[in-house]
Amino acid sequence: MEQAAAGRAPRPDRRRGGGTPAAACGGPAETQAPAAAPTAPRASGGASGRERGSSGRRPLLLGTYTSAEGGGRGVGLAAYDPATGRITKSGLLAEVDDPSYLAVHPDGRTVYAVNEREEGAVTAVRLSDRRVLGSRSTGGAAPCHLSVHPSGRWLFSANYGSGSVAVHPVDASGALGERTGLVTHSTPPPGPGQRGPHAHQVVTAPDGAHVLAVDLGTDTVYTYRLDEGAGTLVEVSRARTRPGSGPRHLAFHPAGRHAYVANEVDNTVAVCAYDPRTGRLAVGEPQSTGAPSAPGTGANYPAQILVTSDGAYAFLANRGHDSVTRYAVEAEGARLRLLGTVPVGGVFPRQIAFSPDGRLLFAANQRSGTVSTFRVGAGDGGLRRTGEPFASPAAVCALPL
């Protein structure tokens, strides 16, 4: 049952990468539904970037920590039913070291994984034959997020441990070239309780010309202009969040004029105004996640935030409260209205993702080693869990194709 709408906790403990210790990007060293359903709001920034039919089982890629006790062996491969949300099978797409975050190329042929280790790297895997196309250094430590430019020509990655953002070219085969760009967040100084910058996410704005990097350590969102000829990033703006807020992830409204930031450390979200002409982001006042972190209730660390492609609803994963918050998006994207929370059915939901048609929402629950699936209500954006969570070792990313 959804709980009605209802903060400051210490930073979650760090996990350690294989070989040399590395600070983690995400925290700790850490009855089927009826087949027939109305069409739900489609996903914005969902999984594959392509609309696919709903008939037949679809692939579900699984990110994990291979260096964690009881972790996986690489990028996992399962299957899900688009009608019921039921996940079945369990196998291996490719052996990749600590693939804690995944992204797929816009053409759907190649998947990219971070290698979240002290000497960070990104790896490309061709989906048709599961061939590893190679790995490239990110030039930093513990990369925890990556994304592909809408053109398909560039891959961006965020190095949590060193507070930097890397750019790699993508060739026609989907393979990665040598790094063409690297920017480090040297200013402003770290926020309260932080020892340095911690780049946590890097994403292209809907205008396609600007790339935004969210840094938990400096309480700042940096905007860069992408030079598509050279494959480099030039800073054009920066937006400060509240000191000690610890911004982790942002998601854009599909109209491209607003974005929503999830603040991990102070357990809040904020609505931001965005100017696509200049790339300037203006951060609004912090507001509730609906997931308490007051004394006696336990700490809560917001993780990933998503927006439906029709711009009607936003969803936030809560680690600690172990829930998903639902918001109504109002005033053409300028306002979030808290509707309530739904128990995720697992422990420490680190990442959430929509199916390509937006009818399902998947949650990767790191500490319980499970993936939960929800049906997204067509009329009200309500979440209904579709069945028992699917077991997946150290589940930190679920990518439905």
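Let's start with a term: a residue counts as buried if its relative accessible area is under 20%, as exposed if over 50%, and as partly exposed in between, using a 1.4 Å probe and protein chains only. By that rule F354 is buried, at 0% relative accessibility.

Some ground rules before going on. This is a predicted model, where local features need pLDDT of at least 70 and side-chain atom pairs count only at pLDDT 80 or more, while totals for chains, interfaces and linings use all residues. Residues are numbered from 1 along each chain as its sequence is written, and side-chain values use heavy atoms, with hydrogens and water left out.

Now the overall picture. The protein chain has 30 strands and zero helices; both come from DSSP runs numbered from the N terminus, with helices being H or I of at least four residues and strands being E of at least two. Of the chain's 401 residues, 60% are buried. Its accessible surface is about 14,500 Å², and carbon and sulfur atoms own 49% of that (areas come from the Shrake-Rupley method with a 1.4 Å probe, and for residues only the protein chains shown count as cover).

On to the aromatics. Rings of Phe, Tyr and Trp (its six-membered ring) pair if their centres lie within 6.5 Å; planes under 30 degrees apart are stacked, over 60 edge-to-face, and the rest tilted. That rule gives four aromatic pairs here. One of them is F252 with Y274: the ring centres sit 5.1 Å apart and the planes meet at 80°, so this pair is edge-to-face. Because F252 belongs to strand β17 (residues 247–252) and Y274 to strand β19 (residues 268–275), the pair ties together parts 22 residues apart in sequence. F252 is buried at 9% relative accessible area, and Y274 is buried at 4%.

F354, our opening residue, is in another edge-to-face pair, with F315: 6.0 Å centre to centre and 75° between the planes. F315 comes from strand β22 (residues 313–319) and F354 from strand β25 (residues 349–354), so this pair links parts that are 39 residues apart in sequence. F315 is buried too, with a relative accessible area of 0%.

A ring can also sit under a charge, which is counted if NZ of Lys or CZ of Arg is within 6 Å of the ring centre and within 35 degrees of the ring normal. R367 does this over the face of F348, at 4.0 Å from the ring centre.

Next, S323. This serine is in strand β23 (residues 323–330) and is buried, with a relative accessible area of 2%. Its side chain makes a 2.6 Å polar contact with that of H321; such a contact is a pair of N or O atoms within 3.5 Å, where within protein one must be able to donate a hydrogen and the other to accept it, and residues adjacent in sequence count only if both atoms are side-chain atoms. Leaving aside neighbours within four places in sequence, S323 is in contact (heavy atoms within 4.5 Å) with residues including A291, L316, T341 and P349.

Finally, look at V396, in the loop between β29 (390–391) and β30 (397–400). V396 is buried at 0% relative accessibility. G63 is 333 residues away from V396 in sequence, yet their C-alpha atoms are 5.6 Å apart in space. Not counting residues up to four places away in sequence, V396 touches G63, T64, Y65, S100, R350, Q351, A364 and Q366.
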